[in-house]
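Thank you for making the time this morning.

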Amino acid sequence: MGVCTVVVTGASGSCYGMRLIEQLSLAGHELTVVFTNAGREVTAFELGFQLPTEDPRVAAVALATYLELPSADGLRVAYPEQLFDAIASGSYRTDAMVVAPCSMGFLASVAHGMADDLSERAADVMLKERRPLVLVPREAPLSLVHLRNLTSAAEAGAIIVPAMPAFYAKPESIDDLVNFVVGKVLDVLEVEHHLFKRWGE
Ligand SMILES: Cc1cc2nc3c(=O)[nH]c(=O)nc-3n(C[C@H](O)[C@H](O)[C@H](O)COP(=O)(O)O)c2cc1C
């Protein structure tokens with residue numbers, strides 16, 4: 001898969017984004033990670049991980065340390081305000097982008113082409129370039145607005161992998177539930193993984 005962008009928004013379920021970053025990094029993919037401002041706050045609240053906001057290189061090291069990665073090599077953090085970052089341009093080769101978890105606000109921006117900050121612009125670029133954009137929405141219940149935005153995003157080419165773990169694999173822990181959803185994302189990206197036992201295995 002190669003070069004990937006992961007955006008962690010302010011929907012509940014920062015654990016999905018974090019597990020995905022961990023797995024893609026361990027598999028040797030080059031990553032640009034953007035936490036939206038709400039994503040940074042919800043991650044701090046849910047997981048206790050405080051993303052440093054002064055220097056993206058310090059943030060990348062802090063992220064790698066939190067995830068216990070062997071190193072921060074190949075891991076880059078960009079801030080939403082950094083509109084001049086490479087991922088804002090279609091001429092930068094990004095092979096895939098995942099928004100996990102994806103808030104309803106971010107979904108609305110994607111569905112309507114708002115491109116208001118780096119993360120939204122990066123998603124807009126993936127759609128216009130016809131490159132894989134995976135959204136992992138989390139909200140309940142879903143309003144008609146949410147459902148219409150999901151449809152618009154899917155019509156524009158986004159792949160929707162809802163944060164809906166299955167139970168046929170007999171999960172025993174929260175980790176198992178998280179791994180199921182993240183494994184589904186990796187399946188879409190065609191990245192090999194052993195996060196869950198496949199049906200029939
Ligand atoms: C603790 C917490 C949990 C939230 N959970 C969700 C959620 O599951 N889904 C959602 O769409 N918004 C959720 N929100 C609201 C979003 O964070 C909010 O709409 C924010 O503006 C989204 O901004 P972003 O898309 O730039 O990250 C939550 C907010 C907080 C504080």
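Let me begin with a question: is glutamate 41 buried or exposed? Glutamate 41 is exposed, its relative accessible area being 55%, where exposed stands for over 50%, buried for under 20% and partly exposed for what lies in between, with a 1.4 Å probe and protein chains only. Glutamate 41 sits in helix H2, which covers residues 37–47; helices (H or I, at least four residues) and strands (E, at least two) are DSSP runs, numbered from the N terminus. The C-alpha atom of glutamate 41 is separated by 7.3 Å from that of glycine 10, although the two are 31 residues apart along the chain.

Before I go further, a word on the source: this is a predicted model, in which local features need pLDDT of at least 70 and side-chain atom pairs count only at pLDDT 80 or more, while totals for chains, interfaces and linings use all residues. Residues are numbered from 1 along each chain as its sequence is written, and side-chain values use heavy atoms, with hydrogens and water left out.

Now to the backbone. Most residues other than glycine have a negative phi, and most peptide bonds are trans. Against that background, glutamate 68 has a positive phi, near 55 degrees, and is placed in the loop between H3 and E3; with 71% relative accessibility, glutamate 68 counts as exposed. Glutamate 190, in the segment after H7, likewise has a positive phi, near 60 degrees, and is exposed, with a relative accessible area of 71%. As for the peptide bonds, the one from alanine 100 to proline 101 is cis, with omega near -5 degrees, and proline 101 is found in strand E4. Another cis bond joins alanine 140 to proline 141, with omega at about -10 degrees, and here the proline lies in the loop between E5 and H6.

Let me turn to helix H5, residues 118–128, which is largely enclosed by the rest of the structure because eight of its 11 residues are buried. Those buried residues are Leu118, Ser119, Glu120, Ala122, Ala123, Val125, Met126 and Leu127, and what covers them includes E1, E2, E3, E4, H4 and E5. Take leucine 127 in this helix, which counts as buried at 10% relative accessibility. Leaving aside residues up to four places away in sequence, leucine 127 touches Val110, Leu133, Ala156, Gly157 and Ala158, contact meaning heavy atoms within 4.5 Å. Following H5 comes arginine 130, whose phi is positive, near 60 degrees.

Next, how do the helices pack? The axes of H1 and H7 come within 9 Å and cross at roughly 60 degrees; axes are lines fitted to C-alpha atoms, for helices over the stretch in contact, and angles run from 0 to 180 degrees between N-to-C directions. That makes H1 oblique to H7, given that angles under 35 degrees count as roughly parallel, over 145 as roughly antiparallel, 65 to 115 as roughly perpendicular and the rest as oblique. On the H1 side, the residues that meet H7 are Cys15, Tyr16, Arg19, Leu20, Gln23 and Leu24. By class, this contact of H1 with H7 divides into nine nonpolar, two polar and two charged residues, where Ala, Val, Leu, Ile, Met, Phe, Trp, Tyr, Cys and Pro count as nonpolar, Asp, Glu, Lys and Arg as charged, and the others, Gly among them, as polar.

The second pair is H4, residues 104–111, and H6, residues 144–155, which pack at an angle of about 45 degrees with their axes 9 Å apart. H4 contributes Met104, Leu107, Ala108 and Ala111, and H6 contributes His146, Asn149, Leu150, Ser152 and Ala153. The contact of H4 with H6 has six nonpolar, three polar and no charged residues.
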